[in-house]
Amino acid sequence: AAVKALLAAGLQDGAYTKVGHNVNYFGWTRLLLWLGLPQDVVRGTLDTIIMVRAAYSGIKRDLYTTGTLCTDVPSWKAAEDDRKIARNPRSMRELAVYGFTDVAVNIRSLPRLIRRVEAKGQWPSVSLDFDTQVIARECHLIGIKVDQRRRAELEKGYRAAVDAQLDAITDLVGASVNARSNQQLAELFY
């Protein structure tokens, strides 16, 4: 009960920005339901997975990649015996250290992500992604479910269209080009 009260108080404190990795959709929903808090408590949250997509397009957006790019935190996801700590902890202490490191990586990644998003002029797309996540979360709460089969079909079609465009660029240039690489595009155009 004391932990729930502490979490609830922290989440409701408007003086602090809430930060998480891939939390704007189900992460907050589950936590706020468990705490008995309204969903609008976490409006204005910064979700580092969305910021990574805007800051470093074309890379994996998992927290490990984020930590590798944006911090000097050593590898923490797997133990020395290649065991995934989150799924197979040897002790509660090991699991706690893992969780606290996730939190630290998020916080320490934030300044670099903010600078990179600003430098690339990506705040409008980040804001749109944040708002879309809120809509998806609220739809889920009122019982509107995503048709995952149809979503997968649409994703497959969109990916095929993007691949076709990338192939057209390669044909036009006459060589393989990563159209998502600013450096390669700069060399091509300038």
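**Salt bridges, cores and a buried loop threonine**

Me: Let's start with R149, is that one buried or exposed?

Reply: R149 counts as exposed, at 57% relative accessibility, and that value, like the others here, is computed from a predicted model.

Me: Which residue does R149 form a salt bridge with, and how far apart are the closest N and O atoms?

Reply: The partner is E153, and the closest N and O atoms of the two residues are 2.9 Å apart. E153 is itself partly exposed, with a relative accessible area of 38%.

Me: And how are R149 and E153 placed along helix 7?

Reply: They are four residues apart in helix 7, which spans residues 148–173, so about one helical turn separates them.

Me: Which residues are linked with R149 in a network of salt bridges?

Reply: The network links R149 with R150 and E153.

Me: What does E155 do with R151 and R159?

Reply: E155 forms a salt bridge with R151, where the closest N and O atoms are 2.7 Å apart, and another with R159, where the corresponding separation is 2.8 Å. R151 and E155 both lie in helix 7, four residues apart, about one turn of the helix, and R159 and E155 are likewise four residues apart in helix 7.

Me: Where do R151, E155 and R159 fall on accessibility?

Reply: R151 is partly exposed at 37% relative accessibility, and E155 is also partly exposed, at 30%, while R159 counts as exposed at 52%.

Me: How many salt bridges does a search of the whole structure find?

Reply: The search of the whole structure finds six, and the R149–E153 pair, the R151–E155 pair and the R159–E155 pair are among them.

Me: Switching to aromatics, how many aromatic pairs are there?

Reply: The count of aromatic pairs comes to zero. For a charge over a ring there is a case to look at, though, with K4 lying over the face of W34 at 4.7 Å from the ring centre.

Me: Now the nonpolar side, what is in the largest core?

Reply: The largest nonpolar core has 14 residues, and those with the most contacts inside it are M51, L113, V117, V126 and F130. The elements that give two or more residues to this core are helix 3 (48–55), helix 5 (92–119) and helix 6 (123–141), and helix 3 gives the most, with six residues.

Me: What is V126 in contact with?

Reply: Leaving aside neighbours within four places in sequence, V126 is in contact with I50, M51, A54 and V117. There is also a second, separate core of eight residues, which includes A8, V23, W28 and L35.

Me: Where is D47, and what does it touch?

Reply: D47 sits in strand 2, made of residues 46–47, and it is buried, with a relative accessible area of 1%. Not counting residues up to four places away in sequence, D47 touches G20, H21, N22, V23, N24 and F130. V23 also turns up in the second core, and F130 is one of the residues with the most contacts inside the largest core.

Me: Next, T71: where is it found, and is it buried or exposed?

Reply: T71 is found in the loop between helix 4 (63–70) and helix 5, and it is buried, with a relative accessible area of 14%.

Me: Which backbone atoms lie by the polar side-chain atom of T71?

Reply: The backbone oxygen of G67 lies 2.7 Å from a polar atom of the T71 side chain, and the backbone nitrogen of V73 lies 3.2 Å from a polar atom of that side chain. Beyond its neighbours within four places in sequence, T71 is in contact with T66, V105, R108 and S109.

Me: To wrap up, how many helices and strands does the protein chain have, and how do the elements run?

Reply: The protein chain has eight helices and two strands, running α-β-α-β-α-α-α-α-α-α from the N terminus on.

Me: What box do the C-alpha atoms fill, and how much of the chain counts as buried?

Reply: Taken along the principal axes, the C-alpha atoms fill a box of roughly 65 × 45 × 35 Å, and 28% of the 190 residues count as buried. Among contacts between residues at least 6 apart in sequence, 63% join residues at least 24 apart.

Definitions and conventions: Residues numbered from 1 in each chain as written. Predicted model: local features only at pLDDT ≥ 70, side-chain atom pairs only at ≥ 80, totals over all residues. Heavy atoms only, no water. Phe/Tyr/Trp six-rings, centres within 6.5 Å; stacked < 30°, edge-to-face > 60°. Lys NZ or Arg CZ within 6 Å of the ring centre and 35° of its normal. Salt bridge = Lys/Arg side-chain N within 4 Å of Asp/Glu carboxyl O. Buried < 20%, exposed > 50% of the residue type's maximum accessible area, 1.4 Å probe, protein only. Contact = heavy atoms within 4.5 Å. Core = buried A, V, L, I, M, F, W, Y, C linked by side-chain atoms within 4.5 Å. Polar contact = N/O pair within 3.5 Å; in protein donor to acceptor, adjacent residues only side chain to side chain.
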